[in-house]
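User: Could you walk me through this one while I have it open on my screen? I would like to start with how the chains meet and then go inside.

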Amino acid sequence: MNSIGLIVNGKRHELAVPPDTPLLWVLRDTLGLTGTKYGCGMGLCGACTVHLDGQAVRSCQTSIGSVAKRQVTTIEGLSANRSHPIQRAWIAEQVPQCGYCQSGQIMQAAALVARTPHPTREQIDEAMSGNICRCATYQRIRRAIQRAAEAKA
Amino acid sequence: MNVTVTRREAMKSGAALVLGFYLPVRSAPASEHGELNAWIRITPDNQITFLTEVPEMGQGTRTANVMMLAEELDADWSTIRVEQAPNIPEIYKHLGTGGSGGTSSTWLPMRKAGAQAREMLLMAAAQQWQVRVDECRAEAGSIIHIPSGRRARFGDLVEIASKLTPVNPDQVRLKDPRDFRYVGKPMARVDAPGKVDGSAIFGLDVRVPGMLFAVIARCPHFGGKLAGYNDRAARAVPGVRSVFAVERLDRPSSANKTVGGVAVVAESTWAAIQGRKALEATWERGPEGYESSDTLRKQFEAQSIAPPNFIAVDRGNAVSALAGARKKVQAIYELPFQAHATMEPMNTTVQVRENGVEVWSPTQIGEETQKWIAKLSGFPLNRVIVHITFSGGSFGRRGQWDYIAEAWQVAKEMKEPVQLVWTREDDMLHDFYRPYFLHRISGLLDDQEQIVAWSHRILSTSVHEYFNWDFKAPDPKFVAGLELGCADMVPYPAQNVRLEYTPVHSAVPRAWWRSVETACNAFATESFIDELAHEARHDPYEFRMTLLKEDRRIQSPSDQSYFHETRKFRTVLQLAAEKAGWGKPLSKGRGRGIACYVFGHTYVAQVAEVSVSDDGGWRVNRVVAAVDCGLAVNPDGVRAQIEGGINYAFTTVLSGEITIKDGAAEQRNFDGYRVLRMKDAPDIGVFIVPSMEEPASGVGEGGVPPLAPAVANAIFAATGKRVRRLPILTIS
């Protein structure tokens, strides 16, 4: 099997995995980066969200073959010491309950404020409605995104 | 992950104060005492470590425990950290949670442990300075000698303290609640940082050297059996190591049935999933495999007019009071099956060795897990080690051990540790759903708006009947057990009251779901009282307050020690109405609805405000909740749990429904089972009734029951249309 080159959180990897393997499972099982979560395998829940060249994508719907030589950022690589404004806001608003969906929520939110620095409530709802939270921390997620947006202002 | 820490090693180096104690975390009172399962360790560097394995599934008990500890110890909050307790098999007694009991059952033991540690530090300081203990005081992580002002940090005193005889924790003085510094204040969750940087370990994240991953192919119909399988193509998938049948387990406990099937074990999760896709398996379909929502509904309808199976309440003569009464109000309410749909699907990692078993699981029931693995494996209890990881939501589902037993079945065929993974489809197909409910209620008012008669028939796919714990012909009262969910304690006085129950037989697996059956009954009784209010042409809030105006205790018919108080219902109703601006005018198409219910000893009232458009579309704009849970240890935690409960209930009102066809759930993933997403999530305001009463029950579930009736009542207020079936979808 040919090996596929991948850059994850700034580090290069050469991996011998079938090219149709979803990026999600390469991250979790091959590279041991378990911060990105499995929730549905169909791109319906957002738990597997990572950044591909800065854009939010669902890693369960992204094959490893399609991300060769591109920059993948996972929750582990989002910042040093939880210093991303979104992460800071998440702690300030005490968002997480069980926490399982939160990696995906944070990655989605980080991508949102990177392209829309001051999102309206409607823009937040639209961007974030692909990410399910069963503990339903939605209200706090909204507030945290607004807080992070204000902090950057 | 540390796997072979001994007790001595866990206690670390000599110069540390280590106190072990017993932390009961089930809501039922513990009959045993003295088995250490939690530790406080204070080291010379002034670090305080609280070692625990209390399950944390989002409900915030871990944080509440740390608050109680910090309070009595008079510690500096920033010097406390929480660690997983050492994996000593004896400690797994009573490591479970459920019934919203986590905070209330640990209230006294945590405080006593903290106070005990404080006392010993005071004694150590007194000894070191040769002064009297009662001249010393603990404050913010230090001991101070009041007359002289001498101070020492806790860390400086641990060497002496560790050599003292531990004081009796039952004899230490606890703080007066008026002096609380931490308890009662909103505190930051101790587990939040790991949950924002991806470092928190859930069950699915467990990684043990040499581990393999497995999925199980199961019969897609209830009650089916494996007929045969061909694994040639499955074994050819790269990474697949082994394929074998696993048998169905419904003994020794039928409460946690597994369905059996064919296991595919591989080097990675993806390879296991692909291997299962390539597996050819055939199944024998039994009679249960043909059940459908249609066949079930027909049974419900037939049983709803047949004689009842059990009469729970019969005061006066409701039947004759209602017979022939012209102005009676009648209604039928219906609630379908619901899935748990935790974000983290079921999973467990097991390694079976020659001399014991090690388990890593996001379980809610550590003690039972250990017990059943011991039973299944034949190993004694002290050879079964259970690590409880964080849990990606539970809502009652991880109170079953079926998926854990399956993981053991697979691991025992392999030398390596094996993680059994359930895909989302597995999880949705093999859930233990919230039962299906149908209610018939009739009521009659007199000219003074008093309730002359209230007659309620509940029908459901009984959880106790499904479990059949006793394996004998189930006693009708036992079968009705869980299903009555406070419907036998309706707080509104009525002269003639009758409550009947009939189980409807079904093969659909079911068990406890957040707030159990109280949510299903609250929808009926709190909608019906609203219908009576309308009949009386009385504002629904005022109507309730009038009926509840006398201070009364409502006694449970089946438990002498359990009662509700009308005073507490009035308090939460009043607070919710006030904060929601009840009575203020609303524009056309908008309406407010109110409902109140109790879970355990936690009273919750909610006001929902909805807007309905001409095309039948509707949304809930806001929900205001008032909560009386006794002393709120962590008010922010209380708010978070009530918000969560409201939104969890909202899925069942908006769009969530499990329908059955060909002996299986029709919904397989989040496309079929549509859960609440941010765009439909209402604004929620939670108001806590100030109370110094000891926390007697938690808030993990209390937010759920009032939501559905509050929304249905609001829709009626906005449109004049009664919604009696969930989910609501659109208003026709």
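Predicted model: local features only at pLDDT ≥ 70, side-chain atom pairs only at ≥ 80, totals over all residues.

User: OK, how many residues of chain B are in contact with chain A?

Analyst: On the chain B side there are 59, and they are in contact with 48 residues of chain A, where contact means heavy atoms within 4.5 Å. The area buried between the two chains is about 4500 Å², with carbon and sulfur atoms giving 55% of that; buried area here is the accessible area (1.4 Å probe) that two parts lose on being put together, summed over both.

User: Which residues in chain B lose the most area to chain A?

Analyst: Those are B:Val196, B:Met343 and B:Met678, which together make up 20% of what that side buries.

User: And how many salt bridges are there between the two chains?

Analyst: The count is 8, a salt bridge being a side-chain nitrogen of Lys or Arg within 4 Å of a carboxyl oxygen of Asp or Glu. One pair joins A:Asp29 to B:Arg207, with the closest N and O atoms 3.0 Å apart.

User: Moving inside, which residues have the most contacts in the largest nonpolar core?

Analyst: They are A:Trp90, A:Ile145, B:Trp454, B:Trp618 and B:Val711, in a core of 177 residues. Such a core is a set of buried Ala, Val, Leu, Ile, Met, Phe, Trp, Tyr and Cys residues joined through side-chain atoms within 4.5 Å, and buried means under 20% relative accessible area, with exposed over 50% and partly exposed in between (1.4 Å probe, protein chains only). Helix α15 (residues 518-535) of chain B gives the most to this core, with 9 residues. A second, separate core of 47 residues includes B:Phe50, B:Met67, B:Met68 and B:Leu157.

User: What is B:Trp618 in contact with?

Analyst: Leaving aside neighbours within four places in sequence, its contacts include B:Phe650, B:Leu654, B:Val711 and B:Ile728.

User: Why is helix α11 of chain B largely enclosed?

Analyst: Because 10 of the 10 residues of α11 (residues 402-411) are buried, the helix is largely enclosed by the rest of the structure. Among them are B:Asp402, B:Glu406 and B:Trp408.

User: How many salt bridges are there over all chains?

Analyst: The whole structure has 57. B:Glu334 pairs with B:Arg297 at 2.6 Å between the closest N and O atoms, and this links strand β14 (residues 329-335) to helix α8 (residues 293-305) of chain B, 37 residues apart. B:Glu334 is buried at 7% relative accessible area, whereas B:Arg297 is partly exposed at 32%.

User: B:Arg397 and B:Asp431, are they buried or exposed?

Analyst: Both B:Arg397 and B:Asp431 are buried, and their side chains meet in a salt bridge (3.4 Å, N to O). B:Arg397 lies in the loop between β17 (384-388) and α11 and B:Asp431 in the loop between α12 and β19 (437-445) of chain B, so the pair ties together parts 34 residues apart in sequence.

User: Last one: what does the side chain of B:Asn347 reach at 3.0 Å?

Analyst: That side chain reaches the backbone oxygen of B:Pro345 at 3.0 Å, and it also makes a polar contact with the side chain of B:Glu344 (3.0 Å). B:Asn347 is in strand β15 (residues 347-353) of chain B and counts as buried, at 0% relative accessibility.

Note on methods
Residues numbered from 1 in each chain as written. Chains lettered and ligands numbered in written order. Heavy atoms only, no water. Helix = DSSP H or I, 4+ residues; strand = E, 2+ residues; numbered from the N terminus. Polar contact = N/O pair within 3.5 Å; in protein donor to acceptor, adjacent residues only side chain to side chain.
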